[in-house]
Amino acid sequence: MKNIIITGGTSGLGYRTAFILAQDKNNKIILIGRNKIKGENALLTLKNITNNQNITFLNTDLSSIKETSLLAKKLIGEKIDVLINNAGALFYKRSINNEGIENTFALNHFSYFILSNLILKNKIIKNGGRIINVASGAHRGVDLDFNDIEMLDNYNGWKCYKKSKLCNILFTKKLSELTKKKNITVNCLHPGFVKTGFGKNNTGIIGFIIKVLMKLFAIKVEDGAKTIIHLATSNEVKNISGEYFYKSKITKPSHFAEDKKTADKLWKLSIENLSKYGLTF
């Protein structure tokens with residue numbers, strides 16, 4: 001039996017991943033999602049179509065530092081084999097969460113950072129466990145500006161998203177170094193441009209463009225989930241850590257994503273910012 005957490009597991013890529021993994025009735029799946037109604041519907045549907053009753057849903061807004069921290073507390077007592085950090089969004093208009101943090105950075109980076117580190121700190125993840133971070137090929141072509149990490153000046157939604165996906169890879173690289181001695185692997189991946197509800201929170205011309213691009217170029221969600229499933233279940237990767245995958249193969253990310261100094265700086269900045277909210281790792 002594998003105990004698996006999937007953030008953003010109530011729709012799109014996360015839901016499809018949950019559906020595939022739930023086919024094995026020995027697997028226990030914990031879905032994490034912001035929308036309670038959507039989560040409860042996803043839970044009921046998955047139980048019915050897979051006949052796997054070992055599926056639960058926890059309602060959490062992962063863009064909130066407080067709620068993500070409380071989620072980790074709720075998970076104490078669980079013994080997790082696989083954590084799949086999948087929740088993410090693209091915000092074309094700058095917005096902030098209830099703690100005053102830019103939403104892209106809060107959801108796409110901090111949720112990965114907080115949940116992974118608290119699960120490690122509280123020994124919720126088993127020896128031999130796996131942490132999987134859903135990044136994106138969109139990380140290419142940008143670097144981080146540590147003087148304005150949340151893009152307060154000259155905000156650009158697409159660039160902000162690209163930078164957050166760069167953060168996912170840098171975080172993966174750094175965390176994998178710290179978990180070497182714990183026999184826990186940390187890897188990330190690009191799922192491809194997947195036909196999901198991604199970007200639907202954006203309205204107007206931007207929302208329309210995203211829909212058109214999805215229709216013309218996006219791959220099926222089951223194809224996008226393949227690399228996640230590979231990293232979660234394959235014996236081929238059980239001893240591989242700190243890598244970036246695409247189509248189930250190790251792939252070279254951008255040179256910015258392999259910069260150790262940048263990874264260290266991002267880690268330090270994240271620790272310092274989160275300490276303001278009483279979090280220690």
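Helices (H or I, at least four residues) and strands (E, at least two) are DSSP runs, numbered from the N terminus. In this predicted model, local features need pLDDT of at least 70 and side-chain atom pairs count only at pLDDT 80 or more, while totals for chains, interfaces and linings use all residues. Residues are numbered from 1 along each chain as its sequence is written, and side-chain values use heavy atoms, with hydrogens and water left out.

The chain holds nine helices and eight strands, and 53% of its 281 residues count as buried, a word that here means under 20% relative accessible area, with a 1.4 Å probe and protein chains only. If we take contacts (heavy atoms within 4.5 Å) between residues at least 6 apart in sequence, 77% of them join residues at least 24 apart.

In soluble globular proteins, nonpolar side chains tend to be buried together. A nonpolar core is a set of buried Ala, Val, Leu, Ile, Met, Phe, Trp, Tyr and Cys residues joined through side-chain atoms within 4.5 Å. The largest such core in this model has 77 residues, and among those that touch the most other members are Ile-5, Leu-75 and Leu-144. Helix H4, residues 103-121, gives the most to this core, with 11 residues. Leu-144, for its part, is in contact with Ile-149, Leu-166, Cys-167 and Leu-266, among others, when neighbours within four places in sequence are left aside.

Helix H4 also meets helix H9 (residues 260-275), and the axes of the two, which are lines fitted to C-alpha atoms over the stretch in contact, come within 11 Å and cross at roughly 85°. Because angles of 65 to 115 degrees, taken between N-to-C directions on a scale from 0 to 180 degrees, count as roughly perpendicular, H4 is roughly perpendicular to H9. Among the residues that meet there are Phe-105, Phe-110 and Phe-113 in H4, and Leu-266, Trp-267 and Ile-271 in H9.

Leu-118 is also found in helix H4, and it counts as buried because its relative accessibility is 8%. Although Leu-118 and Ala-72 are 46 residues apart in sequence, their C-alpha atoms are 6.2 Å apart in space.

Finally, His-139 is found in the loop between strand E5 (125-134) and helix H5 (157-178), and it counts as buried because its relative accessibility is 0%. A polar atom of the His-139 side chain lies 2.8 Å from the backbone oxygen of Ser-136. Not counting residues up to four places away in sequence, His-139 touches several others, including Lys-162, Leu-166, Tyr-244 and Pro-253.

Technical notes. Buried < 20%, exposed > 50% of the residue type's maximum accessible area, 1.4 Å probe, protein only. Polar contact = N/O pair within 3.5 Å; in protein donor to acceptor, adjacent residues only side chain to side chain. Parallel < 35°, antiparallel > 145°, perpendicular 65-115°, else oblique.
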